[in-house]
Amino acid sequence: MTIYVLRHGVAEERREGRPDATRALTPPGKQKLRAVLRLAKETGVAPDIILTSPLTRALETAEMAREILGCRKKPAVTKALLPASSPGGVWKEISATKMSSVLIAGHEPLLSHVISFLLKCPALQIDLKKGALVRVDIASSESSASGTLKWMLTPKLAGS
């Protein structure tokens with residue numbers, strides 16, 4: 001199984017009286033995200049399914065990934081990718097898809113914890129930039145994951 005971990009792009013600033021969940025991507029955030037996703041497409045990234053957090057910035061990120069990477073299915077929204085969720089819960093969602101290639105779109109620090117969980121290295125510190133995409137290949141069973149980090153692509157590396 002191949003798992004792609006995509007952190008949402010740069011979003012609007014927090015504002016008093018406005019729910020955090022409704023913050024949308026900024027135009028520069030979309031531009032940087034497009035650069036990462038276009039480069040990923042050139043390297044053959046084509047997930048079978050996209051799972052996303054229900055927060056606006058993650059939904060927008062997942063939809064951009066679907067469009068650019070050519071995923072036929074609409075992103076599946078899951079509460080397992082909410083910021084306060086657990087890596088084990090995310091793994092349960094991923095493994096339940098029964099797909100060979102899954103992209104998850106969400107938030108920090110959850111996504112870094114998910115990567116550490118997949119690599120069986122809980123002490124691993126990952127600096128996952130906004131708009132970054134990570135590939136982890138998994139030798140798995142439904143109850144556990146044993147992953148290999150293949151690459152990380154950041155907006156800076158993608159030329160944005």
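How many helices and strands make up the secondary structure of the protein? The protein has four helices and six strands. Helices (H or I, at least four residues) and strands (E, at least two) are DSSP runs, numbered from the N terminus. Starting at the N terminus, the elements follow the order β-α-β-α-β-α-β-α-β-β. The radius of gyration is 14 Å, close to the 15 Å that the globule rule gives for 160 residues, so the protein is as compact as a globular protein of that length. That radius is taken over C-alpha atoms, and the globule rule is 2.2 Å times the number of residues to the power 0.38. The C-alpha trace spans about 40 × 35 × 30 Å along its principal axes.

The model is predicted: local features need pLDDT of at least 70, side-chain atom pairs count only at pLDDT 80 or more, and totals for chains, interfaces and linings use all residues. Residues are numbered from 1 along each chain as its sequence is written, and side-chain values use heavy atoms, with hydrogens and water left out.

Of the 160 residues, 46% are buried. Buried means under 20% relative accessible area, exposed over 50%, and partly exposed in between (1.4 Å probe, protein chains only). Contact means heavy atoms within 4.5 Å. Among contacts between residues at least 6 apart in sequence, 69% join residues at least 24 apart.

Strand S2 (residues 49-52) is covered on both faces. Ile-49 and Leu-51 are buried on one side, and Ile-50 and Thr-52 are buried on the other. S2 runs parallel to strand S4 (residues 101-106), and four bridges join the two. Strand S3 (residues 76-77) also runs parallel to S2, joined by two bridges. Two strands pair if DSSP finds at least two bridges between them. Thr-52 has a bridge partner in each of these strands: Ala-105 in S4 and Val-77 in S3.

Leu-25 sits in the loop between strand S1 (2-7) and helix H1 (27-42). Leu-25 counts as buried because its relative accessibility is 5%. Neighbours within four places in sequence aside, Leu-25 is in contact with Gly-9, Val-10, Ala-11, Lys-30, Leu-33, Arg-57, Glu-60, Thr-61 and Met-64. Between Leu-25 and Ile-94, the separation is 69 residues in sequence and 25 Å in space, C-alpha to C-alpha.
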